[in-house]
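Subject: Structure handover

Dear colleague,

I am handing over the structure below, together with notes on what was found in it. Please read the notes with the structure open.

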Amino acid sequence: MARILAPAAQSAPTFRTLPPLSLYVHLPWCLKKCPYCDFNSHEWRGGDAGPPEDAYVDALVADLERALPSVWGRKVSTVFLGGGTPSLFSPEAIDRLLAAIRARLPLVAGAEVTMDHEHDAYAWWPADIDAWPAEADAPLRSMAKLLTGT
């Protein structure tokens, strides 16, 4: 007669120090849905107004706040804004999102902050980077603030 053994009880891992976190923020809208893409992303069909930035950033911040008790005491080593095409969001919306992350989570020194983008999704920005209006580099200023803590 065969004997079935119960699986051994597993204990939770024990850490001497808490491991750092990596934060992925999903912005699901694209200019068009690519045939190879299997991500949760959706073609923006709402016209020139763009995706619902304010409401979506508010929802992301609320979601982050709900998760904070489970990550207290841990620092963030990477922040990645992916999608979709996060660069569809305005510089101001990206700036607000990154500022909200920085206000709620400590980052390690030299943390990596990156954003997925498509060049065609910068419709409101001039193609020549030297011609960008001052507000267009808000995401870069925010990323620098995240890295330096200033």
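A residue is called buried here when its relative accessible area is under 20%, and exposed when that area is over 50%. By this rule, buried residues make up 35% of the 150 residues in the protein. Please keep in mind that this is a predicted model.

Overall layout

The secondary structure comes to 3 helices and 5 strands. Read from the N terminus, the elements follow the order β-β-β-α-β-α-β-α. Of the contacts with a separation of 6 or more, 81% are between residues 24 or more positions apart.

The helix pair H1 and H2

Helix H1 covers residues 53-67 and helix H2 covers residues 91-104; their axes come within 10 Å and cross at roughly 15°. Angles under 35 degrees count as roughly parallel, so H1 is roughly parallel to H2. The crossing of H1 and H2 is right-handed.

On the H1 side, the contact is made by Glu 53, Asp 54, Val 57, Asp 58, Leu 60, Val 61, Leu 64 and Glu 65. H2 contributes Ala 93, Arg 96, Leu 97, Ala 100, Ile 101 and Arg 104. Sorted by type, the residues of this contact are 8 nonpolar and 6 charged, with no polar ones.

Two long-range pairs

Ser 22 belongs to strand S1, which spans residues 21-27. With a relative accessibility of 57%, Ser 22 counts as exposed. Its C-alpha atom is separated by 6.0 Å from that of Val 79, although Ser 22 and Val 79 are 57 residues apart along the chain. If residues up to four places away in sequence are not counted, Ser 22 touches Ser 77 and Thr 78.

Gly 84 sits in the loop between strand S4 (76-83) and H2. Gly 84 counts as buried, at 12% relative accessibility. Neighbours within four places in sequence aside, Gly 84 is in contact with His 26, Leu 27, Pro 28, Trp 29, Cys 30, Ser 41 and Asp 116.

Cysteines

How many disulfides does the model have? The count comes to 0. A disulfide is a covalent bond between the sulfur atoms of two cysteines. The rule applied here asks for a pair of cysteine sulfur atoms within 2.5 Å. Cys 30 is in no disulfide, and the nearest cysteine sulfur, that of Cys 37, is 6.0 Å away. Seen from Cys 37, the closest cysteine sulfur is in Cys 30, and the 6.0 Å between them is too far for a bond. Cys 30 is also buried, with a relative accessible area of 9%, and is one of the residues in contact with Gly 84.

Regards

How values were computed. Residues are numbered from 1 along each chain as its sequence is written. This is a predicted model: local features need pLDDT of at least 70, side-chain atom pairs count only at pLDDT 80 or more; totals for chains, interfaces and linings use all residues. Side-chain values use heavy atoms; hydrogens and water are left out. Axes are lines fitted to C-alpha atoms, for helices over the stretch in contact, and angles run from 0 to 180 degrees between N-to-C directions. Helices (H or I, at least four residues) and strands (E, at least two) are DSSP runs, numbered from the N terminus. Angles under 35 degrees count as roughly parallel, over 145 as roughly antiparallel, 65 to 115 as roughly perpendicular and the rest as oblique. A crossing is left-handed if the near helix is turned anticlockwise from the far one by less than a right angle, and right-handed if clockwise. Contact means heavy atoms within 4.5 Å. Ala, Val, Leu, Ile, Met, Phe, Trp, Tyr, Cys and Pro count as nonpolar, Asp, Glu, Lys and Arg as charged, and the others, Gly among them, as polar. Buried means under 20% relative accessible area, exposed over 50%, partly exposed in between (1.4 Å probe, protein chains only).
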